[in-house]
Structures are given as structure tokens and as C-alpha cells.
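Dear colleague,

I am passing on the structure we spoke about, and I would be glad if you could look through it alongside the notes below.

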Amino acid sequence: MDTRQRLGTLMIVTLCLFATLLVRVTWLQTVDRESFTQQAVLNTKSLRLVPAQRGRILDRAGNVLVDNQVVSVVMVTKSKLPTRSAAQAAVFRKLQDVLGIDAGELVRRFNSVDDLEGVEVARNVTESAIVYLGENSDLFPGVSAILDSQRVYPQGSLAPHVLGYVGDIGDDLQAPPCNARYQTGDKLGKTGIERSYECVLRGMPGVVEYTVDRRNRIVASQTRWIAQPVPGNDVRLTIDSDLQKMVEKRVKEGLAAAREHGGEVFVGKTVPPTPFPAPAGSAVVFDSSTGAVIAMASYPDYDPSEFVAGISAGDYERRYGADAANAPLTNRAISGQYAPGSTAKPFVAVSAFNNGLINERTTIEDTGSFTIENCPKNVRCTFNNAGNAAHGKVDLQRSLTVSSDVFYYRLGQRFWTEKDWPRNGIQDTYKEFGFGGDTGIALPNEKSGNVPTPESLAAGAGKDNPDIKWRTGDNLNVAIGQGEMLATPLQLAAAYAALANNGTLLSPRIAFDTPPPPIPVDEPAAAAAPTSSSGPNDSSVPASTPSTVGREQTSSRPSSSRPSSSQHSSRQPEASSSQSSSSRPVTDLVSGPDFEAFGPFSPSLGFGRFSVDPIGPTLPGDPVPIEGPADSLPSDGAPTVIDTTIAIPADSLAVVPAGVTITRRLRRSVDLSNDVRAPVLAGLRGVITDGGGTANPAFRGFPVESFPVAGKTGTAQVFRKHDTALFVGFGGPANRFVVCVVLEEAGFGGQAAAPVARAIFEGLDGRDDGAVTYVTSGSVER
Amino acid sequence: MTLTDTLSTRRHRAAGVRPDSPFLHVDWVLIACTVMLSATGLVLIRSTGANNLRLVERQSLFLVLGLAALVTMMTLDYRNLLDNAVFIYGGTVLSLVLVLLIGQEHKGAQGWFDIGPMQLQPAEFAKVGVIISLAAYGSGQRNFLDARRFVIVLMLTAVPTALIFIQPDLGSALVFLAIVFAMLWIAGAPPRLLLALVAGGIVVVFAAVRLGVLAEYQVNRLLAFTNPGGKASGIAFNVTQSKIAIGSGGLLGKGLNQGTQTQYGFVPEQHSDFIFTALGEQLGLAGCAVVLLVFGILLARIWRAAASARDTGGTLICVGVMALLLFHVFQNVGMTLGIMPITGIPLPFLSYGGSATLTSFAAVGLVLSVEMRRFR
């Protein structure tokens with residue numbers, strides 16, 4: 001091989017190497033281009049949500065219960081702070097002088113969050129401090145002041161359990177409500193209406209696109225709006241503020257009155273009486289015609305404004321955590337589960353009547369005690385009336401008026417031992433009246449209570465305990481609402497409403513119908529509008545929520561209705577026509593060129609990178625609570641809920657403006673013929689009016705002629721605790737108002753709970769006969 | 001012999017200039033290539049950040065000095081250089097020994113002399129020195145390159161290579177292997193000896209990794225190439241960002257100063273070793289193809305000079321320079337494209353850097369010196 005040939009080889013090698021480079025670079029820049037472009041966008045582009053103005057919460061009359069207020073917040077931005085730690089400390093020391101907050105505390109707050117844009121160190125800062133900081137900004141590098149919107153409660157701590165509160169998203173980020181977009185540091189409703197109507201109240205957050213460099217510093221000139229925020233809608237509650245205030249007061253009074261008395265604690269044997277602790281209670285006022293909850297009180301309560309500025313984990317745990325006394329955050333009206341005691345008897349009577357065990361004329365001799373037939377020796381066989389009172393000859397009506405346990409013990413035994421009736425006949429009727437299942441109210445954390453059956457007992461005991469069997473005594477307990485039988489106050493109210501309104505079991509409503517949640521505004525306008533985004537101060541964009549996103553932008557809200565994703569969509573006539581137009585902006589937002597590259601959610605990055613994908617074309621439309629009523633209805637073969645938008649009746653309650661509608665949500669029509677309803681209602685009326693009625697002393701002097709009231713007392717035994725006092729009843733025109741009062745460890749229902757209910761009925765009748773008093777006269781009845 | 005040559009020869013003959021006068025045979029295309037690449041480099045260095053004006057100023061100075069070096073080298077008769085190769089070789093080795101003794105350490109390698117604001121890297125100049133030295137030895141060997149001479153050539157190369165290797169600067173050391181390989185090939189070395197040389201090179205690299213001669217970051221670069229997910233994934237990240245930059249450039253690029261990868265610092269060493277990513281992202285496939293094409297023309301012209309050189313020494317010089325530039329280009333661009341490991345050697349004419357720029361221009365000047373004297 002001569003030199004020329006070898007030079008040729010060298011040329012060939014050179015050409016090969018260059019061809020390799022060319023092929024490779026061409027491959028990267030053509031075939032792989034798409035993926036690399038996406039990765040390049042992911043590197044630098046970062047989206048951040050700008051919260052929209054949150055909707056307000058109004059009461060029935062339109063009074064504002066929860067409003068927004070703009071406050072000044074002082075932020076510290078790490079990248080703009082001096083790098084030397086001594087200089088940093090000096091900035092915080094100077095801040096301490098201005099804000100009056102300890103520098104150590106400021107540093108602690110600053111270090112508690114890792115957010116490139118700035119960390120909030122002080123809220124509700126005075127205007128003079130803000131002015132000072134602004135005029136001396138050179139002394140405070142890295143310190144900035146922004147305006148922020150926060151919740152304010154004009155009515156103080158009225159109905160806190162219904163309203164709920166707003167808090168840091170925290171773990172909810174993993175499974176956000178209504179499948180919407182959230183990011184670290186967002187606030188959202190944690191409980192109550194704030195939670196269940198989160199998607200309505202929240203509106204549609206704006207989207208700002210940031211560009212960051214390798215060190216995650218924001219390139220200010222590249223910041224732009226992708227979408228403007230759309231304010232959330234107001235929610236108008238069915239709660240009547242005045243009535244709510246009154247009910248809360250009456251419950252508190254009733255508990256205070258009970259504490260001045262005492263009784264025996266049920267521990268299976270007789271012990272000396274002790275004072276009633278009466279630590280907690282709740283009351284519900286329910287409209288039996290519409291299903292609207294007019295008042296819902298739970299005691300002890302709390303002040304939701306404590307949560308506005310955020311509450312430290314330690315404080316929260318100490319005051320509201322699992323070990324806090326009496327769990328003040330718990331809404332006992334829906335989350336408290338109590339043995340209903342004698343308040344369950346009307347349903348047992350209906351069951352016995354419908355199953356043919358008795359008719360309205362059937363009587364038994366109540367001797368004050370009942371002994372189980374063929375009773376085995378090793379179990380309890382004799383059961384007594386409260387106080388061993390003998391009521392003599394008792395029929396259905398009388399059994400309710402005097403609350404004869406023996407009457408119902410006998411029914412309980414017959415259902416279990418006689419072959420002619422369904423063994424679970426009582427339980428089936430309970431379930432028909434809604435016990436053992438959620439009522440479907442749009443409030444989170446509703447409990448479903450418990451209706452014990454032989455099957456549930458066996459399931460609970462498991463295979464290892466075959467000895468645990470359902471006995472006659474268990475059926476006796478079921479027949480008087482004791483033992484494992486549990487109900488929430490709202491369940492009782494809804495069940496009694498079905499007695500009051502001829503057998504219509506309604507799902508309680510807590511709010512009037514709301515407009516559907518907002519959807520992104522017209523995409524070209526929003527996406528192209530570079531509004532006020534190129535300012536030199538990069539933090540101005542996310543921070544300017546209140547100033548740039550005022551309520552005046554409501555006009556940009558699309559008027560088209562959003563199709564409901566819930567199954568009960570009978571009130572969505574325009575659903576199909578609006579589907580295409582309203583879902584399009586969402587789709588376009590998702591498929592916009594800048595968004596394709598955004599990968600899955602990465603909450604680990606403090607700097608709010610998020611996925612756009614979760615916004616599907618099917619945002620939940622209707623104010624469906626998070627635990628939606630459609631899903632949480634009992635699975636006992638209940639028919640589908642039927643919604644009807646109805647007119648709001650004119651009544652003694654606050655006037656509801658025209659145009660506000662409420663959807664009456666029918667769960668089912670229960671089997672309640674007039675043959676049984678008449679004696680049951682007569683018996684319940686007798687509880688109030690008859691001289692032997694268990695609530696007669698409490699209602700002494702009540703004008704039942706002008707404001708008829710019927711009801712039932714209940715006294716539930718709780719092991720090692722004082723009795724739970726209950727009263728459930730209804731009154732007013734056409735039995736309109738159902739009132740349920742449950743007081744924990746407060747003694748007999750007729751003595752502790754009935755007076756509270758009486759005071760509430762007085763309020764519904766527009767009167768006030770003074771504070772609740774404990775009834776000491778009359779017989780002790782369950 | 002081209003038509004232009006003939007015409008200009010006639011014209012100059014008419015003006016009384018001898019037709020074989022070297023300055024009638026300057027390869028202006030070759031010079032134009034270096035100027036085009038250098039100008040592109042300046043623009044790209046400017047585009048790698050908002051505060052790069054100082055770098056642009058310094059690089060402009062380097063380019064002026066480089067052009068001066070080029071003119072100086074082409075003015076000098078390469079045969080005089082070959083005759084004085086002993087001194088050049090000695091000076092090269094001496095500078096490499098001195099830098100190990102009194103030089104400054106940058107990026108973990110003892111390879112720089114700090115002279116005022118300038119930092120000189122003798123390893124760069126040594127490349128030209130070794131090319132001249134080997135060419136000088138080779139030009140004396142008219143006959144078949146036997147094993148003994150082969151070993152002598154290797155020894156001549158091994159001394160400066162080893163001195164650079166222990167700085168440690170693996171990338172530059174490998175350049176010497178490429179140079180000596182190409183020059184031995186052209187000098188007529190038997191293929192089996194060359195294969196042995198390649199095998200030896202691989203063994204040396206492995207040994208270097210194993211014995212801890214290299215700085216840790218250099219080892220990591222090699223490990224990152226062989227195992228991207230391993231403990232050196234930080235370096236793999238750099239390669240990934242480099243590929244993202246180039247790939248996202250697409251056909252026409254994002255436009256100068258518009259590259260997000262380039263502008264926001266996602267690629268390391270963008271103004272120097274990774275300048276090609278700035279090109280790929282901002283000027284796209286079009287820019288990359290043009291630059292590679294110009295490099296191709298440059299190398300083709302050097303190859304032409306090698307083929308037309310008057311003597312073996314001239315041919316070997318041109319081949320050495322060609323190997324030098326080819327290795328730099330392939331290794332550097334290949335690194336940014338993820339097909340070669342990161343070894344930290346610059347892209348000639350485009351990357352920011354004084355010593356490398358001077359060396360590249362001097363090397364081309366050397367080729368010009370050979371080519372323009374092909375007729376006498």
C-alpha cells in the first residue's frame with residue numbers, strides 16, 4: 001500500500017466519521033425532536049395556579065356568613081435575600097422591629113416552606129408597616145408585600161360545623177376534590193360547606209406560566225398568563241341565621257340546665273347518682289316539605305376564624321385533635337351516632353302494623369316488666385320499663401304516648417320467635433326510613449349509623465366466635481332502639497319528616513341550588529392576553545389575586561350551563577346542547593402547544609409544577625359533595641334518588657328571593673298507610689298533650705292549638721355513661737318543622753331534651769318564652 | 001493544478017514574480033474556513049448568556065492572536081521547522097515538565113501557566129510540537145517503517161503524552177494517540193502494529209481508570225458514558241441536557257439568543273466544550289450541517305495539502321494536523337450528541353479558549369506553510 005492509498009483510507013475514515021456525526025445530529029433534530037422539545041419545555045416552563053376569588057357563603061336570606069377580605073401579607077424570597085447569613089439575620093431583625101414579630105419566629109416561618117417565589121412570614125400586616133417597607137425597600141432585600149384574600153366571618157362563630165373552614169391543601173393534594181387542578185400551598189375547604197361545595201366556591205384558578213433557569217430562578221420577562229382566574233360562585237344555605245342562632249343558644253342552655261342535675265350511670269348494677277356532665281349535644285331543624293335543613297347546631301363549637309391564618313399542628317392537636325375534649329370540630333348532627341332509644345318506637349309500630357302483627361286496636365297489659373318466653377337460664381330474661389312503671393292496658397297509640405317498653409319488647413320477641421313474620425321485619429322498616437345509611441346531605445363526614453341484624457352480628461363476630469348468636473334479647477333491644485342500634489340526629493329528623501309528610505323520605509338539603517362551577521373562559525382571549533404579566537417584579541403576578549382578579553370579572557363567566565356528571569340530572573335540560581361548547585375550552589387548554597410537554601404531577605417540587613391532564617372534560621357540575629349523595633346512599637336496594645326543583649313555600653322563615661330554587665331530593669316513598677299513620681301521629685301528639693305523655697311536662701303551657709306539635713322522647717342507655725337524652729318531633733302548619741335534639745349524658749329525654757325542643761318550637765312559632773329549664777316533675781320515661 | 005493557479009501564475013509571471021513563489025499558492029479556502037468557523041464561534045459564545053461580552057472580547061483577542069500565529073507559521077518554511085525539530089521537541093517536553101512543577105491547577109489538572117490575565121495550556125501547543133517532531137523523524141525514513149522505528153516513534157510520542165496524562169488530562173492525551181496513529185499509518189506502518197497500538201491505548205485508559213491516575217470527575221465522565229444510570233448520573237444529566245438542547249433545535253433552530261437550554265444554563269460549559277449545543281439548539285440542523293460542512297471542507301483542504309506536499313515531511317505534517325482536528329471535531333461533537341464520552345476537549349475555532357485557539361490556527365498555518373511550498 002503506497003502513501004496515496006493510505007491517504008485515501010484516511011479520507012474514507014474521515015468521511016465515515018463525519019457521516020456518523022451528520023446522521024446522529026439529523027436523527028436528534030428530526031426524529032427525536034418532539035421528545036427533546038418537550039423535555040426542553042419541561043426544563044424551563046413551569047405553571048402556577050393563581051387562585052380565583054372564592055365564592056361567599058350566604059344564609060337563607062342572603063346574609064353573608066362567610067366573606068373574603070383583602071389583607072397584606074409580607075413575603076420573603078430566598079433568591080433575593082443577601083447570601084451572607086449575617087446579612088440575612090440583619091434583614092429579619094429589622095423586620096422584627098417593623099412587624100413586631102420575633103425574628104426567630106420569622107426565620108422559623110421562612111424555613112418552614114420551600115417556595116422560590118417567596119414564603120409568607122406575616123399576615124394581616126398594618127398599612128403603616130407596609131408603607132414603611134415599601135419606602136425602605138433597599139433596607140429589606142428579599143422582602144415584599146402582597147395582597148391576599150382570606151376568609152372572614154361577619155356572623156362570628158355561627159354554625160361553624162356547617163360552614164367548615166379553609167386550610168392548606170396538605171394531603172388532599174394526592175386526591176383533590178372534583179378532580180381539579182391544585183398545587184402545593186393551595187388552600188381549600190377542609191370541612192363543612194367549604195369542603196362539600198369546594199368546586200363551586202373555588203372558581204377556576206388562573207394559570208401563569210413561568211420560565212425558570214437551571215438554578216430554578218424565575219426569568220421575569222418570560223412570565224405570562226395562560227388563563228385568567230374565574231371567581232367562584234356563592235353558595236346560599238338553607239340555614240336561617242336567626243333560627244340557627246336561637247337553636248345554638250337553646251342547645252347550650254339545655255346542656256347547662258342538665259348539668260345542674262344528676263342520675264345514675266348505667267354500668268349493669270345500681271350505683272349512687274352523679275351529676276350529668278352533659279358535655280355535648282346537637283339539634284337539627286328540618287323542613288319536612290322541602291328537605292331543607294333550617295338549622296343545624298352542634299356543641300361544643302369552635303371559631304372558624306382561628307383557621308384563617310393557619311393553625312399550627314401543635315395547637316390543632318391540642319385543641320381539636322383526637323384527644324381534645326369532646327371533639328369540638330365534630331358536627332354531631334351528622335357525625336354523632338346515638339342509640340335512638342324510644343324515639344325509634346314509631347317505626348317499630350309501623351313495622352308491626354305493616355307486617356300484620358298488630359292493628360290499631362291491639363292491646364296488651366303493661367305490668368311494668370316483660371319476661372322472655374322459653375328463656376335459657378344463663379341470660380337476662382326479664383326487662384323492665386323505666387322506673388318499673390306499669391302502664392296497664394296499652395294499644396299502639398298509647399304505647400307511644402307513655403313510651404311503653406313492654407309493648408315493644410313483646411313485638412320484638414314476636415318478630416324473632418314467631419314464624420309468621422319476617423325475622424328482620426323491624427330492621428327492614430328502620431332501613432326503609434333511612435336508618436343505617438347516609439342521608440346524602442352535602443356535608444362531609446356524615447356517619448350512617450347502624451341497624452343491627454343477626455347477619456351483621458355474625459359478620460361482626462367473625463368465624464372464630466360461633467357462640468355469639470342473635471338472641472331474643474337482641475331483638476328486644478332493637479325494638480326499643482337500644483343496644484347496637486345507632487342513628488345520627490339528622491337521620492332521626494329525616495325519618496320523622498317521613499312520618500310528618502305522609503311517607504316521603506327526603507334527602508336533606510343544606511344549600512339552595514347553585515350555578516354550576518365555572519369553566520375556563522373563552523380560550524383565545526384568555527390564552528393570548530398577556531395582562532400585566534411582564535412587570536419587572538415577578539412576584540406581582542401570583543400575588544395580585546385580589547387586585548387583578550376582582551369580582552367584577554364575574555361578567556366573563558360563561559353563561560352556558562355545565563352538564564352535570566351526577567346520575568340524577570333530571571334538571572339539566574340544556575345539558576346536551578351546552579356540552580360541546582363548554583367543554584371545548586378545557587380541551588384546548590389541555591392540548592395547547594405549551595402544555596403537551598407537562599408530565600405528571602410532581603408535588604415534590606415546591607415550585608408548583610403540575611399536570612394539566614386531571615382537568616377532564618367532565619368536571620363535576622352539580623354541587624355534588626365530595627362524598628356524593630348518589631354514591632353514599634345505602635346499598636339496600638334503595639331506588640334512585642329523584643330530584644325535583646320545587647318552589648320555596650312562603651313561611652315564617654327568612655324570605656328567599658325570587659329565582660332561588662331548591663331541589664327536593666326524594667329518596668323513597670315509605671310504606672305508610674293512613675291506618676297506621678293516624679294512630680302513630682295521635683300517639684306522638686299525646687306525648688305532648690296527654691297528661692301521661694312523656695314530654696307533657698316539658699310542653700306544659702305550649703299553645704298546641706295554634707302551633708300543633710307531636711314528638712317522641714328517647715333515653716338511650718350508654719354503658720358507663722349517663723343516658724343520652726333525645727327528642728324528635730314535628731310541628732307547625734302541616735307538620736312542617738321537624739326538630740331533633742340530642743344531648744349527651746344529660747339524663748331522660750323528656751326532662752333534658754324535650755325542653756330544648758320546646759324552646760326551638762317556640763322560636764319557630766315566633767315566640768321566646770325564656771331560657772330552657774330542666775323538667776323535674778312528671779314520670780321518668782324513655 | 002487548478003485553472004486559477006494557472007491563470008494567477010501567468011499573471012504573476014508577467015509581474016516578474018517566480019511562478020513557484022509560495023505566496024502565489026496560499027490556500028485561501030482553508031483560511032476562509034477558519035475565519036468562518038471562528039466568526040460563528042464568536043456569535044455562539046455571545047449567545048450562551050447575557051453576561052458573555054467579556055468572553056467575546058477575550059475570544060476576539062485570541063482570534064487576532066491566532067490569525068497572527070497562522071500567518072507566522074505559514075511564513076516560516078516548514079522545512080526549517082523540521083530541521084530544528086530537536087529543539088521544538090525539547091521545548092515541548094520541557095514546557096510539559098515545567099507545568100507539572102510550577103504550573104497551576106484548574107479543574108483538577110496540573111496543566112496551566114498563569115501569565116497575567118492569560119492562562120497558557122502547554123498541552124495544546126505540544127500537539128503542534130509533536131506533529132512537527134514526528135514529521136521530522138518520519139521524513140528521514142524513506143524506507144519501510146520497521147518495528148524498531150515504529151517503537152521509536154511511539155517513544156517520541158509517549159514522553160509528552162505521558163506528561164500530559166499525569167496532569168491528568170485524558171482527553172488531550174488521547175489526541176496524541178490519534179495523531180501518532182494517523183501519522184504512522186501514512187508513514188507506512190504495518191496494520192498489525194497499529195492494531196497493537198489501539199489495543200495498548202485501550203489498556204492504558206482502563207489502567208488509568210483502575211489505578212486512580214485520573215481526577216475523579218474524569219473517571220466519572222467515562223463511567224457516565226458506559227453506565228448512564230450509575231453513580232455518575234450527574235454527568236449523564238449533562239449529556240442528556242446537551243442532547244435536549246440539540247434535539248429541540250429542530251431543523252432551523254430556535255433562533256440566536258432564543259435557546260432556552262442555552263440561555264438558562266442547562267448545559268454545562270456551553271461557551272467552551274459544549275459550544276456545539278448552542279449551535280444545535282439555536283441554529284438547528286441547518287446550522288449544524290453548515291458548520292460540519294465547513295469542517296469537512298477544511299479537512300479536505302488539509303488532506304489535499306497532504307497529498308500534494310512536496311516531501312514526506314510535509315505530508316506527515318498535514319496528516320498530523322488533519323488527525324488532530326478530526327479527532328477534536330469528532331470527539332467534541334460526538335460528546336454533545338451522546339455518542340462519545342465526555343473528555344473535555346474543545347471544538348477547534350468555535351470553543352472559547354486561548355491556547356486551543358492559538359494551537360488550531362498555528363496548526364492550519366503549518367499546513368499552509370507546507371502547501372504553499374509544494375512547488376519548491
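Predicted model: local features only at pLDDT ≥ 70, side-chain atom pairs only at ≥ 80, totals over all residues.

Residues are numbered from 1 along each chain as its sequence is written, and chains are lettered from A and ligands numbered from 1 in the order in which they are written.

Chain B contains 15 helices and three strands (DSSP runs, H or I of at least four residues for helices and E of at least two for strands, numbered from the N terminus). Of its 376 residues, 52% are buried, meaning that 20 or more other C-beta atoms, placed from the backbone, lie within 10 Å of the residue's own. Among contacts in chain B (C-beta atoms within 7 Å) between residues at least 6 apart in sequence, 72% join residues at least 24 apart.

Helix H2 of chain B (residues 28-47) has 20 residues and should span 28 Å at 1.5 Å a residue (1.5 Å times one less than the number of residues), which agrees with the 29 Å between its end C-alpha atoms. Its buried residues, including B:Leu30, B:Ile31, B:Leu42 and B:Ile45, pack against helices H3 (53-75), H12 (260-263), H13 (275-308) and H15 (354-372) of chain B.

The contact between the chains takes 27 residues from chain A and 35 residues from chain B. On the side of chain A that touches chain B, helices H1 (3-29) and H2 (33-44) of chain A are the elements that give two or more residues, and the largest share, 15 residues, comes from H1(A).

With best wishes

Methods
Buried ≥ 20, exposed ≤ 12 C-beta atoms within 10 Å, placed from the backbone. Contact = placed C-beta atoms within 7 Å.
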